[in-house]
Amino acid sequence: MKFGVVVFPGSNCDEDIVHTLQNILGQEVQKLWHKETDLKGSDFVVIPGGFSYGDYLRSGAIARFSPIMDSVIAHANKGGYVMGICNGFQILCEAGLLPGALLHNNTRKFICKNTFITPQSHTCMISSNLEFGRGYQIPIAHGEGNYYANEGTIKSLNDNDQVIFRYCQEDGQITESVNPNGSVQNIAGVCNIGKNVFGMMPHPERAADYLLNNTDGKELFEGALELIKA
Amino acid sequence: MKFKAEIDVMPLAALLDPQGKAVTNSMKSLGLGEIDSVRIGKHISLMVEAANESEAKSKVDEACKKLLCNQIMEGYSFKLSAAK
């Protein structure tokens with residue numbers, strides 16, 4: 001499994017995800033500059049967090065038209081794995097690879113804090129190998145993380161088991177009081193219908209190194225890697 | 001011919017507009033409690049080269065749908081005028 005991490009001007013979590021994949025999980029990783037068009041044999045593309053193009057116009061709106069994105073979209077359409085974290089999630093929504101959009105947080109504030117999320121989808125490999133009913137402590141850091149899609153889209157996401165994580169209490173219970181940003185039904189991450197494109201606002205790569213005193217995010221990557229290898 | 005487009009991109013009416021809400025609240029602090037329902041969007045102006053107005057309209061429409069506006073959360077409207 002070869003990972004490719006796309007770097008846009010303004011990406012700032014690229015080093016974190018490279019460190020997690022390479023040094024903690026022992027995977028082969030390469031960075032892919034957004035001006036390139038070749039994924040260089042990457043099997044799994046990660047779109048990292050940050051503020052690509054300074055969030056001009058809308059988060060992710062301009063990055064979506066970077067040269068590399070045509071290759072990322074083609075890779076996804078062939079069933080290749082693509083994961084977007086935070087700004088990466090916003091970019092994948094803008095690119096139409098994932099349903100919905102990320103609105104401004106309903107609190108009107110940029111939120112940087114630890115949250116708990118609980119796995120939801122039993123058929124998406126990012127969540128299916130995790131412990132259901134449990135809360136995983138994963139930090140968020142965003143101003144526009146309020147997941148929104150119209151009623152019909154939300155229904156089809158639920159019907160097709162495409163919601164991968166919801167914000168929850170420490171004990172795994174999903175309550176409105178712990179919804180940090182106003183996301184519809186506490187949704188923290190979704191996947192496409194093909195279950196090969198994933199997006200989430202929380203940052204598992206920031207919770208993967210034991211030096212940071214929280215490795216809940218590492219479990220998420222390990223769970224997925226186990227399924228890929230199986 | 002060159003046309004000028006004046007485009008407004010606004011958050012959909014059904015959605016909470018946190019900026020608009022914050023500004024509405026500030027109106028009260030200002031003593032302008034009569035002002036309500038502030039909603040904040042974007043105004044974009046651009047020039048477009050086209051053979052006629054209907055071609056210009058279709059180009060601006062395409063720009064709005066593909067880039068300037070995310071129709072999941074925003075709506076747009078625009079006015080076209082022949083550039084002087």
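**Entry 1: ground rules**

I noted that residues are numbered from 1 along each chain as its sequence is written, and that chains are lettered from A and ligands numbered from 1 in the order in which they are written. The model is predicted, and local features need pLDDT of at least 70, side-chain atom pairs count only at pLDDT 80 or more, totals for chains, interfaces and linings use all residues, and side-chain values use heavy atoms, with hydrogens and water left out.

**Entry 2: chain A as a whole**

I looked up the elements of chain A and found five helices and 11 strands, where helices (H or I, at least four residues) and strands (E, at least two) are DSSP runs, numbered from the N terminus. Chain A has a radius of gyration of 16 Å, close to the 17 Å that the globule rule gives for 230 residues, so it is as compact as a globular protein of that length; this radius is taken over C-alpha atoms, and the rule is 2.2 Å times the number of residues to the power 0.38. Its C-alpha trace spans about 45 × 40 × 35 Å along the principal axes. Of the 230 residues in chain A, 59% are buried, a word that stands for under 20% relative accessible area, while exposed is over 50% and partly exposed lies in between (1.4 Å probe, protein chains only).

**Entry 3: the sheet**

I followed the open sheet of chain A, in which nine strands run in the order β2-β1-β3-β4-β11-β10-β9-β6-β7 with mixed pairing; two strands pair if DSSP finds at least two bridges between them. At the edges are β2 (28–33) and β7 (136–142) of chain A, each of which pairs on one side only. From one strand to the next the twist averages 25 degrees. I then looked at β1 (residues 2–7) of chain A, which pairs with β2(A) in the parallel sense over six bridges, and there V7(A) stands opposite W33(A) of β2(A).

**Entry 4: two helices of chain A**

Which residues of α1 (residues 14–24) of chain A are buried? I found D14(A), I17(A), V18(A), T20(A) and L21(A). Seen down the axis of α1(A), these buried residues fall within an arc of 160 degrees, so they line one face of the helix; the arc is that of the directions from the helix axis to the C-beta atoms. An α-helix has 3.6 residues a turn, so residues three or four places apart point the same way. The buried residues of α1(A) pack against β1, β2, β3, β4 and α5 (216–229) of chain A, where contact means heavy atoms within 4.5 Å. After α1(A) comes G26(A), with a positive phi near 65 degrees.

Helix α3 (residues 87–94) of chain A lies across β3 (44–47), β4 (81–85), β10 (187–191) and β11 (197–200) of chain A and runs at about 120 degrees to β4(A); axes are lines fitted to C-alpha atoms, for helices over the stretch in contact, and angles run from 0 to 180 degrees between N-to-C directions. In α3(A), eight of the eight residues are buried, so this helix is largely enclosed by the rest of the structure. Just after α3(A), G96(A) takes a positive phi of about 80 degrees.

**Entry 5: the cores**

The largest nonpolar core has 63 residues, and among those with the most contacts inside it are I47(A), I126(A) and F198(A); such a core is a set of buried Ala, Val, Leu, Ile, Met, Phe, Trp, Tyr and Cys residues joined through side-chain atoms within 4.5 Å. Not counting residues up to four places away in sequence, I126(A) touches M83(A), I164(A), F165(A), F198(A), L220(A) and A224(A). A second, separate core of 13 residues includes A5(B), I7(B), V9(B) and I44(B).

**Entry 6: chain B and K21(B)**

In chain B I found two helices and three strands, which run β-α-β-α-β from the N terminus on. A compact globule of 84 residues would have a radius of gyration near 12 Å, but chain B has 16 Å, and 30% of its 84 residues count as buried.

Where does K21(B) lie? I placed K21(B) in helix α1 (residues 18–29) of chain B, partly exposed with a relative accessible area of 39%. Leaving out residues up to four places away in sequence, K21(B) touches R108(A), L16(B) and V38(B).
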